[in-house]
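The structure under discussion is shown next.

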Amino acid sequence: MIRTQRLAAGVCALLAALTAGLVFPAGASADETTATAAKVDLVIDVSGSMRAKDIDGQSRMAAAKQAFNEVLDATPEEVQLGIRTLGANYPGDDRKTGCKDTAQLYPVGPLDRTEAKAAVATLAPTGWTPIGPALLKAADDLDGGEGSKRIVLISDGEDTCAPLDPCEVAREIAAKGIGLTIDTLGLVPNTKLRRQLSCIAEATGGTFTSVQHTDELADKVNQLVDRAADPVVTPVATTGADRCAKAPTLESGLYTDREEFGQQRWYRVQVPDGRELRASVSVAADRAVSPSYGVLLRAVTERGREIVRGEAAGNGRTDVVSTGLRYPKAESEDADGETAPETVCLQVTHSFAPAGGVKTTPGLPLEITIDVVDGPGGSSDVAAFGLGRGWWLLGALILTGFLAGLVWGWLSRWRVAVWRTN
């Protein structure tokens, strides 16, 4: 009897150990997934000005609600999303109280779409525009975890709670080094609003977008939420030189720099035989600029001979202009020994011009992508006078033209012979 009880106790202990071994690792895995999950906090302006009916025939608040519902339906499962309001609860005139009016409408965490939509439905335009305090609280909402963190601020007006400058708040958040990005969306094409929201986004490496339609708002917020779920690639800060000889040497990767108006930046890349250089650059207008502009990316040799170039122009409809180039380097004819990589100099020049009264420093932010990959499969693709396999098409066209000429000549002679006979 005693042996039976001991055997039963041993079996129970073994089952308990197996159960613990199965359960706790799963719990640890769940905790690990939660710690690395991407987090997004949507910060919505619910101040009194959101009553204005100038977005697709409806109020700004109604457009924001509609866009939010679409975003909640499309939010990926792996993204933890929250919603914070500013100016939603205090309708009075006391500035001190109004500038504290920010609240967490829906906590950052696994998304319950029904609950989140019900919370959004309760919003009504009310009070002040405390952007600075709202950003500080939103940063606290996203505290903890190792995944990407993103604040998406949607506003139709400037902050009304200075001297707590939202730009300084954004810089303070960036200085913490927690990898938090703030993207801003303006619902009114206003110069002062654009300047303030651009400054906030710029401080943390985010983007500013001006939207004036409901579908644009939903699309942009969806894009930013999806971007939060992507692997985080942090650009490496670099400083280009005023000429190639002093330029930094860049390897494959993503880089960021600033270029002042009327300035040019130089960088160097080592391209071995049989490899292909792929480079691109994007220049962002983070302040008011003249409506016509362009960007030029040139690849030249150390002696100044141009190899290839890429260029693009803008007309004021976008905040970013980008271009790129490709340079495949042929295999060396000397097969006996290894040759040193070729130094290719990249020159970045833009033609942005500042609007009147706009600060020219710091320079405009630019982002450079460098990739040195395996070159084309055959040497004919590299040389071929720039045509590559286009030679096949050119040969076919020449042959077709020759045959067409023979047929046309024969028909002409036949028609002339018939005419003379008649």
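## Second largest pocket

By class, the residues lining the second largest pocket comprise six nonpolar, four polar and seven charged members; here Ala, Val, Leu, Ile, Met, Phe, Trp, Tyr, Cys and Pro count as nonpolar, Asp, Glu, Lys and Arg as charged, and the others, Gly among them, as polar. The lining has 17 residues, and Arg195, Cys199, Asp286, Arg287 and Lys359 lie nearest the centre of the pocket. Two or more lining residues come from each of α6 (166–175) and α7 (191–203), and α7 gives the most, with seven residues. The space in this pocket is about 440 Å³.

A pocket is defined on a 1 Å grid over the protein atoms alone, as an open set of points where a 1.4 Å probe fits, with protein on both sides within 12 Å along at least five of seven lines; lining residues have an atom within 4 Å of a point. Grid points are joined across faces, edges and corners, and the volume is the space filled by probe spheres set on the points.

## Basis of the model

The model is predicted: local features need pLDDT of at least 70, side-chain atom pairs count only at pLDDT 80 or more, and totals for chains, interfaces and linings use all residues. Residues are numbered from 1 along each chain as its sequence is written, and side-chain values use heavy atoms, with hydrogens and water left out.

Helices (H or I, at least four residues) and strands (E, at least two) are DSSP runs numbered from the N terminus.

Strands β4 (residues 149–155) and β5 (residues 180–186) run parallel and are joined by seven bridges, with Gly186 in β5 as the bridge partner of Ser155.

The contact (heavy atoms within 4.5 Å) includes Ala63, Ala67 and Val71 of α2 and Leu217, Val221 and Val225 of α8. By class, this contact has nine nonpolar, three polar and two charged residues.

## Five-stranded sheet

The open sheet of five strands has mixed pairing and the order β7-β8-β15-β10-β13. Its edges are β7 (236–237) and β13 (320–328), each with a single partner strand, so one side of each lacks a neighbour in the sheet.

Strands β7 and β8 (residues 253–259) pair in the parallel sense over two bridges, and Val236 stands opposite Tyr255 in β8. By antiparallel pairing, β8 is joined to β15 (residues 364–374) by seven bridges, with Asp257 opposite Leu366 in β15. Nine bridges join β10 (residues 275–284) to β15, also antiparallel; the bridge partner of Glu276 in β15 is Val373.

Definitions and conventions. Pairing = 2+ DSSP bridges.
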